[in-house]
Amino acid sequence: MASKNKKQNEVDSVDADLGSESFDFPKEEEKVLKMWKEIDAFRTQLKLSENRKRFTFYDGPPFATGLPHYGHILAGTIKDTVTRWATQTGHHVERRFGWDCHGLPVEFEIDKKLGIKGPSDVLKMGVDNYNNECRSIVMRYSKEWEEIISRLGRWIDFQNDYKTLYPTFMESVWWVFKEIYKKKLVYRGFKVMPYSTSCCTPLSNFEAGQNYKDVQDPAVVITFPAIDDKGIDLGYSFLAWTTTPWTLPSNLALCMHPELDYVKIKDKKQEENQVYVLAEARLGEVFKSDQDYEILDKQKGSFFKGQKYRPLFSYFVDAVDEKAFQVLNDSYVTSDSGTGIVHQAPYFGEDDYRVCLEAKIITKVGPIMCPVDASGCFTGEVTDFAGQHVKDADKHIMKHLKEKNRLYSQATIQHQYPFCWRSDTPLLYKAVPSWFIKVEEIKDKLLENNAKTYWVPDFAKEKRFANWLSDARDWAISRNRFWGNPIPLWVSDDFEEVVCVGSIEELKELSGVQDITDIHKEFVDKITIPSKMGKGVLKRVPEVFDCWFESGSMPYAQVHYPFERKEEFENNFPADFIAEGIDQTRGWFYTLLVISTAIFDKPPFKNLITNGLVLAEDGQKMSKSRKNFPDPWETINKYGADSIRLYLISSPAVRGDAVKFVEKGVRDVIKDAFLPWVNASKFLIQNVERWEAEQNKKFFYEEISVYTGVNIMDKWLLSSIQSLLKFVRQEMNAYRLYTVLPRLVKFIDTLCNWYVRLNRKRLRGETGPEDSFFALNTLYNVLYWMIRLCAPFIPFLAESIYQRIKKYLGENAQKLEFASVHYLSIPEVNENLINSDTENLFEVMQRIIVLGRTLRDRKKLALRLPVKELVVIVENYAGIDSAIKNVESYIYEELNVKKFQLSLDKERYGIEMKAKPNFAVLATKVKDKMKKLSGLIEKMTDSEVQEFRKNGKFVLDGIELNLEDIVILPKLDTAKFSQYEPGFDKNVIELLDISPDEEMVNEGVLRDVVNRVQRLRKEYKLVPTDDIIIYYQVKPENCKLDNLFRNSIEYLESNLKKPVKTFESGSNLKIQGKSFDFLDGKVELWIEKVQSAES
């Protein structure tokens, strides 16, 4: 007996530890983290797997100058899940964290801190001092990143990280550049590019596309008087429109569409009856009424090609030849805005530059008429507005033009405009000298290599990314900044001699300087290379690399390729897997592909998952200033990391869609998935302990490879877990996380709310010790498979439950490779255990039970109240009449019915299938036809509805409907069968007899009493093996309830497995009773724990 009490104490301990009320998920995860640290779990896993096949993963480097947010958490969880899965399916996965250390994000912070306004300020303080300031903050939040990533359960190597500022990383970037240079894919040119005046540097086109905003800008119409070759006015003016008045001082041409109709009109609003030319399609926008103008002539735009006009300003008249200040033609001009005539400032617009270049008004080699400095202010060339920031100068320019009678009209317009992604200031389009990679030259190869990759979701590859590649332009990889990897080009003053350096050793050899350990700008700019062409010494160009070039080079630079690990890298390139947010289609994914295609003509990766944005609950971008999202640490401390992980990776974001982060969704994961799983494992442990106490021997799990038992429920569960394993393996091979998680959660429901609940008696030993062992062993096998399967997705809870049940593995429990669930392999699929017929049968059984509960709820019939009869009609299921006998006992028990009747003939009960419109779906599809269509749907015959169900579609009034457009319901002949409540779900029709019956009401009361006693047991923290006595007292005496209790003691004792006595026999009870109302009386219940003599 002492042994039994010892076992019982252990059960009590487990119960307290695992009980759903006391299980604190965040604290439990902290225990797991402590255990992982003690056993050095991640490094041990790497050690155990080091001889396996390599699975290569690249982690895109974030900046450590900002804190991680839910978008980082989502991407990190996807990466961790896939790499854990790869490890547990027979691979070795090196996972190194990386840091982006150079570039605008860092410089912008320092510029704010030191009040730096432009490059001259940096040169004053010294590049070395400036870069030291940058170096000091690059890892500002690295500790916070490591803490939250580790707390979220992500296993990644921070000690063996890579940083883009490491000399080894920077040297590999030099090698990458030289390889591209050797292929003649690098050139220096002048190009109109998005330019950040706040950061004093050009941006690439994909950077410019990251931050568009709605803004209000001036919209002005300017007059350009037509003149002849001698400069004499021709009596009319062109009306040109612009939203950037600051570009007007640089005007060199006008542009009209060659095929559009343009009209010469007399403006009646003006006293002088001025004559203007504009697009005919824009008359209604420029003039309020057709009474305000008179059309004098109409011509195509091509008619005006070559027509001269009087320059707006004289700043650049002497710098250009006679080809300037004339009308040009190009099809980019449209008639959907402005006047249909566009002014051309070739050094401030991409199309302007192209059109003027083709017209030979400008040349690629200059001179450049770009009178705006690095900070966005006019230079001295524009004498009237020198020193003014161009956006501030807009109003002064408009005032000047008005005084010169060249401003026809002015207004404002709201439109989308690109802003700097780092400083959040408006970008300018400006011609700047830059170093470019000839992306357009390799565009076809980019598309070919993209086609070799596999993306989830597919649309991001086929549409978003492929479209971006199709329109890709040459990539400006240089930045006129200081804190970055210097472009390794040494040139003569006239740029005729250029040397590209590909390594530190090469620079030593060429320069004669041997002491080179750091290759940042402040060190290498001092180094010169003797000219081989007699041009003195070559100096390094001043630009540094765009930090995107560095992150795109990380596959090679993180391992110092080709200077180290050359063979290892080449054997494992391209990467098996990468993942980042969908915004990286124009960022990291793009730069990776450009560089790998340029060097190796290969894609850089095989498989990619890209996730959508994580928005705040209000659908807006998460904003610290608006405080519209919960702090990640608060959410972790409240709900734990597993719940956040599962919530995010089962959201639409994993399919590339945006998702609103709703805290309730995280809480629901615990309620709907985790607690049932915890309670199932608790129930297993309690009953294993009970079995051990009763049998006086240890329980050890026996692996089930072939099922030889006879229990249909065991057979079904074993088949279901194997089918799940098969499905998850198949979907994970296809990187479809979004299909996996719903099935995992559904199986947790299957395990806990079906198998465990319907097998309580067997698991508790009420059907004998042998059958109890079979049930417990089946449950253990399934939980053991389930834990291993879920470990990559739910790493903490899987580990927590595994550590509790590991002791039943026998000798294996002590082996190193069994120390953590994350050392174990994902189970292989055992086809011998899969029985689709059994799974189909249980699917129908579940449908019957769930539908029956729905019918009870609809009629407000508590489950404790028995009902007379349930009639079930199952369609399209051969052999259901014999198969249903295997599970009908569960239907009786779960629905509390006295009689269960299976019928194959719905006509016998006068049932017809009818359809109703699904208004929520259909209304948006048919709109104004909804009323008529609703009537037609409701008039559909049984045979038409059956045809609809069979084919999945049906045509009514010329409109093709799908099954989602309608709701199908059974219609019962209520005249003959009024006692039945009908229900329908897929192929199951149910009729539930809802007529009342006193005997069944009494039985319902007794079932409810049993249920209340079980709840009291739980409340008093009693476990099944505790010896107890239940006492009761009914008031008033001799009421219906009192008589029911006196006549039902045997029933209660049979169901409770404990003695039931009247209160009088236990009148010295010291515990508090609990009262409940039933029928016409009130019963008070007590539970007394009996202390055994041996205890």
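Here is a guided walk through a few parts of this structure, from strands and helices to individual side chains.

The model is a predicted one, so some care applies: local features need pLDDT of at least 70, side-chain atom pairs count only at pLDDT 80 or more, and totals for chains, interfaces and linings use all residues. Residues are numbered from 1 along each chain as its sequence is written, and side-chain values use heavy atoms, with hydrogens and water left out.

Let us start with strand 9, residues 253–256. Strands here are DSSP runs of E with at least two residues, helices are runs of H or I with at least four, and both are numbered from the N terminus. Strand 9 is covered on both faces: Ala-253 and Cys-255 are buried on one side, Leu-254 and Met-256 on the other. Buried means under 20% relative accessible area, exposed means over 50%, and partly exposed lies in between, with a 1.4 Å probe and protein chains only. In general, strands of a sheet pair through backbone hydrogen bonds, either parallel or antiparallel. To count as paired, two strands need at least two bridges found by DSSP.

Next comes an open sheet of four strands, in the order 21-20-23-22 and with antiparallel pairing. Strand 21 (498–500) and strand 22 (529–530) stand at the edges with a single partner strand each, so one side of each has no neighbour in the sheet. Further in, strand 20 (residues 489–491) and strand 23 (residues 537–540) pair in the antiparallel sense over two bridges, and Trp-490 has Arg-540 in strand 23 as its bridge partner. Helix 9 (residues 167–182) packs on this sheet, touching strand 20 and strand 21, and its direction makes about 130 degrees with that of strand 21. Contact means heavy atoms within 4.5 Å, while axes are lines fitted to C-alpha atoms, for helices over the stretch in contact, with angles between N-to-C directions running from 0 to 180 degrees.

Which of its residues are buried? They are Met-930, Leu-933, Ser-934 and Ile-937. These residues cover an arc of only 105 degrees around the axis, which puts them on the same side of helix 34; the arc is taken from the directions from the helix axis to the C-beta atoms. On the other side, Lys-931 and Lys-932 are exposed. The cover over the buried residues includes helix 33 (919–926) and strand 31 (912–917), along with strand 32 (953–956), strand 33 (959–962) and strand 34 (966–971).

Now for the charged side chains. A salt bridge is a side-chain nitrogen of Lys or Arg within 4 Å of a carboxyl oxygen of Asp or Glu, and by this rule the count comes to 65. One of them joins Asp-59 and Lys-79 at 2.6 Å, N to O. Asp-59 lies in the loop between strand 1 (53–54) and helix 4 (70–87), and Lys-79 in helix 4, so the pair ties together parts that are 20 residues apart in sequence. Both Asp-59 and Lys-79 are buried. Another salt bridge links Asp-261 and Lys-300 at 3.0 Å, N to O. Asp-261 belongs to strand 10 (residues 261–267) and Lys-300 to strand 12 (residues 293–300), so this pair connects parts 39 residues apart in sequence. Asp-261 counts as partly exposed because its relative accessibility is 28%, and Lys-300 does so at 35%.

Finally, take a look at His-91 in strand 2 (residues 91–92). His-91 counts as buried because its relative accessibility is 18%. Its side chain reaches the backbone oxygen of Ala-86 at 3.0 Å and that of Thr-89 at 3.4 Å. Such a polar contact is a pair of N or O atoms within 3.5 Å; within protein, one must be able to donate a hydrogen and the other to accept it, and residues adjacent in sequence count only if both atoms are side-chain atoms. Leaving aside residues up to four places away in sequence, His-91 touches Ser-49, Arg-52, Lys-53, Arg-54, Phe-55 and Ala-86.
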